[in-house]
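Hi everyone, thanks for making time.

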Amino acid sequence: MSQRLVPDLENVSTIDVLTWAFERFGDRVAISTAFGPSGVVLMHLASQLRPGVKAFFLDTDFHFPETLAMVERIAARLPIDLEIVKPEITVDEQARVYGEQLPAVNPDLCCRIRKVEPTQRVLSGLDAWLTGLRRDQGSSRAATPVLEVKVVDGRELVKVNPMAGWTRKDVWRHLLTHELPYNPLHDRGYASVGCWPCTRPTADAADERSGRWAGTGKTECGLHTLI
Ligand code: SF4
């Protein structure tokens with residue numbers, strides 16, 4: 001699908017964006033989620049609209065136990081068809097080849113091995129994917145469009161960000177109203193939760209991703225910049 005064939009869905013509701021995506025792509029679209037608050041809301045809305053919707057989670061082998069528990073809770077609560085995706089190499093193999101400190105020494109390479117490459121593998125079987133990206137999550141996401149065309153391994157795919165215009169407050173209102181589970185680390189100062197070697201609590205409410213790769217200048221794992 002070339003860029004000119006992508007409709008303008010910037011000002012339509014989240015439900016209408018999801019409806020368009022399911023009508024347009026059927027089973028060739030899946031939710032990419034790390035089980036953060038936005039992803040949980042997205043899975044809730046999407047699975048109400050399309051029970052059995054596909055979703056995938058990258059198990060980097062570096063997740064907090066609280067995050068892995070969230071995966072189980074949500075999979076038991078929502079009608080989603082969840083795929084757990086693993087990197088090609090284990091943490092031990094990675095440590096042998098690149099050193100134990102790779103997340104600190106070269107986080108871009110570690111993210112490529114443990115996040116980007118596995119995502120590309122999943123995307124090779126899809127035409128589109130859905131994310132919970134929001135513009136208010138920080139400067140690196142401030143220009144997130146609702147729809148964008150990405151080239152992955154030489155093939156055009158549509159990346160759908162139905163929650164681009166949601167605020168943090170909107171998300172938490174939805175979670176609490178519908179009594180959806182959330183990661184307990186959010187009650188312990190973690191505004192955004194990723195892999196444990198690269199996640200710190202943050203007091204910066206204006207930039208919820210400031211606790212990720214804190215002090216390195218890195219703000220994204222590459223999932224949303226490389227692809
Ligand atoms: S977030 Fe950190 S530990 Fe996780 S894949 Fe990236 S560099 Fe590695």
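Let me start with a question: in which sense do strand β4 and β6 pair, and over how many bridges? The answer is that β4, residues 128-130, pairs with β6 in the parallel sense over three bridges. Inside that pairing, Ala128 has Val158 of β6 as its bridge partner.

Some housekeeping before we go on. Residue numbers start from 1 along each chain, following the sequence as written. The model is predicted, with local features requiring pLDDT of at least 70 and side-chain atom pairs counting only at pLDDT 80 or more, while totals for chains, interfaces and linings use all residues.

Now the overall layout. The chain holds seven helices and six strands; these are DSSP runs numbered from the N terminus, with helices being H or I of at least four residues and strands E of at least two. Along the sequence the pattern reads α-β-α-β-α-β-α-α-α-β-β-β-α. Of the 227 residues in the chain, 36% are buried, and here is how burial is counted: 20 or more other C-beta atoms within 10 Å of a residue's own is buried, 12 or fewer is exposed, and in between is partly exposed, with C-beta atoms placed from the backbone. Among contacts in the chain with a separation of 6 or more, 73% link residues 24 or more positions apart. A contact here is two C-beta atoms, placed from the backbone, within 7 Å.

Back to the sheet. The six strands make an open sheet in the order β3-β2-β1-β4-β6-β5, with mixed pairing. Two strands count as paired if DSSP finds at least two bridges between them. Which strands stand at the edges? They are β3 (80-85) and β5 (147-152); each has a single partner strand, so one side of each is left without a neighbour in the sheet. On average, neighbouring strands are turned by 30° against each other, direction ignored.

At one of them, β2 (residues 53-58) runs parallel to β3, joined by six bridges, and Phe57 stands opposite Ile84 of β3. At the other, β5 pairs with β6 (residues 155-160) in the antiparallel sense, also over six bridges. There, Glu148 stands opposite Lys159 in β6, and Leu147 has Val160 as its bridge partner.

The hairpin of β5 and β6 has two residues between the strands, and Asp153 takes a positive phi near 50° there. Is Asp153 buried or exposed? Asp153 is exposed, because there are 10 other C-beta atoms within 10 Å. Asp61 is another non-glycine residue with a positive phi, in this case about 75°. Asp61 lies in the loop between β2 and α3 (65-77), and with 14 C-beta neighbours inside 10 Å, Asp61 counts as partly exposed.

One more loop residue. Thr90 sits between β3 and α4 (91-98) and is exposed, with 11 other C-beta atoms within 10 Å. Thr90 and Thr60 are 30 residues apart in sequence, and their C-alpha atoms are 8.8 Å apart in space.

Finally, the helix packing. For the angles, axes are lines fitted to C-alpha atoms, for helices over the stretch in contact, and angles run from 0 to 180 degrees between N-to-C directions. The axes of α1 (residues 14-25) and α2 (residues 37-49) come within 10 Å and cross at roughly 60°. That makes α1 oblique to α2; under 35 degrees would be roughly parallel, over 145 roughly antiparallel, 65 to 115 roughly perpendicular, and the rest is oblique. On the α1 side the contact is made by Thr14, Ile15, Leu18, Thr19 and Phe22, and on the α2 side by Leu45, Ala46 and Leu49.

How closely do the axes of α2 and α7 come, and at what angle do they cross? The axes of α2 and α7 (residues 168-177) come within 9 Å and cross at roughly 55°, which makes α2 oblique to α7. Here Pro37, Ser38, Val40 and Val41 of α2 meet Val171, Trp172, His174 and Leu175 of α7.

That's my tour; happy to take questions.
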